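Here's a quick briefing to go with the model on your screen.

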Amino acid sequence: MRSARTLQKLALTVSRRSLHHHHHHHHHQSSVGIIGAPFSKGQPRGGVEEGPDLIRAAGLLQKLQEQGCAVKDYGNLAFEEVVDDEPVSGVKRVRAVGSANQKLSEAVCAVKKDGHTSVMLGGDHSLAIGSIHGHSAAVGELSVVWVDAHSDINTPLTSPTGNIHGQPMSFLLHELHSKIPVLPNFSWIKPCVSAKDLVYIGLRDVDPGEHYILKLLGVKVFSMSEVDQLGVAKVMEETCDYLSAKVKKPIHLSYDIDAIDPSVTPATGTPVVGGLTYREGVYITEHLCQTGLLSGVDMVEVNPLRAQTERDVQSTVNTAVDLLLGCFGRLREGNHASDYRLPEP
């Protein structure tokens, strides 16, 4: 008797789970195109160019395949050395950043045209310029979810450092186009994101000029204060409601590993205390996956040279991998193939 009831229960959970899968457009047959961008010149610290190969070495491709994704690895882009890259309007290494992003933009566009969800492994966050530009060139208007301790929306003229990894969003927004000076190797960039299609999550270190811009443009921001106040589930619900209020656009997720608290991901260039927990970080990816709209992802700012110990490096890299797995259907409740059948005795 008991075994019959157990089987009945099991049958119920099985059907409920498979329903659960169909209900949330789980793209289990989603195909992923990976591009490595080993580039560090959007900021001053070496080491971040090792990110792509470290993330691969932690088993990203195999793990994606194991959860039912088709994966194509396009390898690492090769960026040519730029000589005499003197600052322009206070902006550092501008020629190298401009040309690297042009190359990346073309590569991401090609990955999208091949029919994949693009995954750009960085490298520093200046690479979001090329990644988002190329994504938009292939599919049209995008929503952008930017998960980061920093808003990276300084213009070249508001930036206190001149490092372009703190500026990428300013080059991409239609509304800031008139505030961007002419820079060498940047003339190819056409702004492609509207302020109303941008959502920030995890902010906790925002410069005064950036804060002014966010308020001026009415950008939707969930700083760590809002994450604390609302909880991550409500933040994600509001994010998706906000983005799908008008037309459902493809989503580009730009994930800076420093969004997560440095107790979990210490190997990064600009850590800020008080970040997202591992669980909150993963929840964000699970929720975006379940929209069925995720179309491109960046995972940036993993820098092994900023870690104290090998364990710090591993914790940072493994978290980056887990965040990416969450983007492509891994659920903490477990997963099974839709054609799974219990073996008969």
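A residue counts as buried when its relative accessible area is under 20%. That's why Asp322, at 16% relative accessibility, goes down as buried. Keep in mind that this is a predicted model.

**The chain as a whole**

- The protein chain has 11 helices and 8 strands.
- Its radius of gyration is 20 Å, close to the 20 Å the globule rule gives for 345 residues, so the chain is as compact as a globular protein of that length.
- Along the principal axes, the C-alpha trace spans about 80 × 40 × 40 Å.
- Buried residues account for 54% of the 345 residues.
- Take the contacts between residues at least 6 apart in sequence: 75% of them join residues at least 24 apart.

**Surface and charge**

**Asp322**

- You'll find Asp322 in helix 11, which covers residues 310–327.
- Setting aside residues up to four places away in sequence, Asp322 touches Tyr278 and Arg330.

- Helix 7 (residues 208–217) has Glu210, Ile213 and Leu214 buried. These residues cover an arc of only 100° around the axis, so they sit on the same side of helix 7.
- Which exposed residues does the face turned away from the buried side of helix 7 carry? They are Pro208, Tyr212, Lys215 and Leu216.
- The cover over the buried residues of helix 7 includes strand 5 (198–203) and strand 6 (220–223).

- Ser254 sits in strand 7 (residues 251–256), and it's buried, with a relative accessible area of 0%.
- Beyond its neighbours within four places in sequence, Ser254 is in contact with His125, Ala128, Val145, Trp146, Val147 and Asp298.
- Met120 belongs to strand 3 (residues 117–122) and is buried too, its relative accessible area being 1%.
- With neighbours within four places in sequence left out, the contacts of Met120 include Ile35, Ala37, Leu104, Leu127 and Ser131. Ala128 and Asp298 are among the contacts of Met120, and both also turn up in the list for Ser254.
- Met120 and Ala107 are 13 residues apart along the chain, and their C-alpha atoms are separated by 9.8 Å.

- A cis peptide bond joins Gly122 and Gly123, with omega about 20°. Gly123 is in the loop between strand 3 and helix 5 (128–139).
- Asp84 isn't a glycine, yet its phi is positive, near 55°. Asp84 lies in the loop between strand 2 (70–76) and helix 4 (94–113), and it's exposed, with a relative accessible area of 66%.
- Asn185 also has a positive phi without being a glycine, at about 70°. Its loop runs between helix 6 (168–172) and strand 5.

Technical notes:
Residues numbered from 1 in each chain as written. Predicted model: local features only at pLDDT ≥ 70, side-chain atom pairs only at ≥ 80, totals over all residues. Heavy atoms only, no water. Helix = DSSP H or I, 4+ residues; strand = E, 2+ residues; numbered from the N terminus. Rg over C-alpha atoms; globule rule 2.2 N^0.38 Å. Buried < 20%, exposed > 50% of the residue type's maximum accessible area, 1.4 Å probe, protein only. Contact = heavy atoms within 4.5 Å. Arc of directions from axis to C-beta.
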